[in-house]
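Please work through the following exercises with the sequence and the structure at hand. Each task is followed by a solution in steps.

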Amino acid sequence: FLALERRLRTQGQWAGLAELYGSEGKRLLAAGNAEDAAWWLARSARVHRGQLVDEAGAGAMYAAAVAAAPQANDIRQEYHVWCAESEHYDELANSLRQSLEFVPNENKSFVQYRLGVVLETRLNRVEESLDAYRAAAQDPAAAPAAEAVLRVLQARGEFKELVAFLEARLARLDDPTLMVTVLYRMGETCEGPLADNVAARQHYERVLDVAPGYLPALEGLERVYTRLGAWAELASVYEQRAILAEDPAAVALQRHRAGAVYDFRLNQTDRAHDQYRLALEVVPDFAPSLDAYTRAMEAVNNWAELARALKNAAHSTKDANEAVSLAYRAARVLADRTDDLAGASACLQKALEVSPGFLPAVLLSKEIAARQNDWSAFHRLERAQAEMSDDVSRRHWRLYAAAEAAQRLPDADPAQLVRDVLREDAAHPGAVGLAER
């Protein structure tokens with residue numbers, strides 16, 4: 001036998017060599033030596049495949065070898081390679097199915113997944129491929145198989161089956177990260193294609209049981225709670241998102257949203273005010289919360305808190321016009337509604353530092369000075385207004401008012417002010433009257 005083999009190989013008589021190997025395989029098989037028979041049949045297949053380029057002969061010998069020793073995974077694997085290269089996908093699928101009897105349990109999911117790929121992509125037998133993917137996905141680690149199931153079900157629009165599959169897969173998982181991913185997919189499938197907000201809510205809430213800070217689930221609950229009118233739960237979601245947010249503007253936005261829900265949906269004004277206040281603690285000039293909070297404080301006559309919020313916003317804003325307006329509003333509240341005239345004056349000072357010619361702030365400053373009998377401040381303010389005025393008549397009036405205030409001061413010179421007016425208008429009735437006094 002060996003001499004004949006050597007001669008056939010040396011002379012390149014490949015057909016004879018293939019026949020020699022095949023005959024030996026058949027002889028051993030008839031003698032009950034299946035494993036050795038499979039080995040010789042596989043050698044015959046290799047000659048058909050490599051030297052003879054005989055696809056049909058190679059296939060027949062590989063099939064005979066696998067049939068002789070179905071448990072010989074190395075020969076079966078070689079057969080699978082031949083099937084794929086020669087595009088004999090039906091034979092490949094059948095062999096993969098048969099091999100499931102012989103591969104170790106820990107390797108079955110890989111074979112099932114490969115079977116699914118062949119059935120889906122090569123044979124277009126999607127229903128059968130889905131069964132193979134499902135079988136492979138019984139292994140919790142077989143993520144590609146599970147993803148293939150989801151892809152097929154999604155493409156077929158079988159969304160209820162998709163959710164049911166995920167629920168079954170969830171029961172086999174113990175990794176919190178994977179559990180969160182599966183639960184979230186269930187939630188978004190119920191929310192979207194199935195339009196089942198009640199079920200979506202349940203799945204999103206289950207996500208938070210595993211990962212309380214999972215932002216996509218919080219965002220999903222925000223949408224679902226809004227549709228369901230679950231306002232208390234929605235407010236809680238906004239509060240949770242505020243706790244998780246790092247950017248001050250994002251914190252303020254979530255606090256304001258929570259406040260608006262308490263305010264307009266739940267009629268819980270105290271909790272609404274707390275949320276607006278918390279928003280302003282991180283961003284004092286956050287306009288929506290500032291507007292809501294100041295209206296609320298005005299409604300309950302909490303003037304000191306109203307002024308505090310306006311003052312903080314004035315110090316925080318980068319907009320000069322806003323700073324002036326807010327500081328003046330704070331001063332007006334303190335001056336009109338409280339006894340804190342010193343606080344009002346400080347706010348006016350802030351406004352005038354930014355805009356020295358802001359007339360409402362000047363007028364209120366003079367009003368406060370008069371109420372406090374602070375004629376020195378009143379005198380200084382009138383003089384400053386006179387110096388800034390380009391209108392002669394208005395300037396004279398300011399100097400006249402400054403002179404009247406100066407009469408109340410021990411170290412001021414009202415006569416000089418009168419002389420300044422009379423130098424420009426010798427007949428000015430006010431100045432003449434003061435001069436006579």
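**Exercise 1.** Determine how helix α19 and helix α21 are oriented to each other in this predicted model.

*Solution.* Step 1: α19 covers residues 320-337 and α21 covers residues 359-371. Their axes lie 11 Å apart and form an angle of about 25 degrees. Step 2: angles under 35 degrees count as roughly parallel, and α19 and α21 are therefore roughly parallel to each other. Step 3: the crossing of the two helices is left-handed.

**Exercise 2.** Identify the residues through which α19 and α21 meet, and sort them by class.

*Solution.* Step 1: α19 contributes Tyr328, Ala331, Arg332, Ala335 and Asp336. Step 2: on the side of α21, the partners are Pro360, Ala361, Leu364, Glu367, Ile368 and Arg371. Step 3: the contact comprises 7 nonpolar and 4 charged residues, with no polar ones.

**Exercise 3.** Is Glu222 buried or exposed, and which residues does Glu222 touch?

*Solution.* Step 1: Glu222 belongs to helix α13, residues 215-228. Step 2: its relative accessibility is 15%, so Glu222 counts as buried. Step 3: not counting residues up to four places away in sequence, Glu222 touches Leu234, Val237, Tyr238, Arg241 and Arg257.

Terms used:
Residues numbered from 1 in each chain as written. Predicted model: local features only at pLDDT ≥ 70, side-chain atom pairs only at ≥ 80, totals over all residues. Heavy atoms only, no water. Axes fitted to C-alpha atoms, helices over the stretch in contact; angles between N-to-C directions. Helix = DSSP H or I, 4+ residues; strand = E, 2+ residues; numbered from the N terminus. Parallel < 35°, antiparallel > 145°, perpendicular 65-115°, else oblique. Left-handed = near helix turned anticlockwise from the far one by under 90°. Contact = heavy atoms within 4.5 Å. Nonpolar A, V, L, I, M, F, W, Y, C, P; charged D, E, K, R; others polar. Buried < 20%, exposed > 50% of the residue type's maximum accessible area, 1.4 Å probe, protein only.
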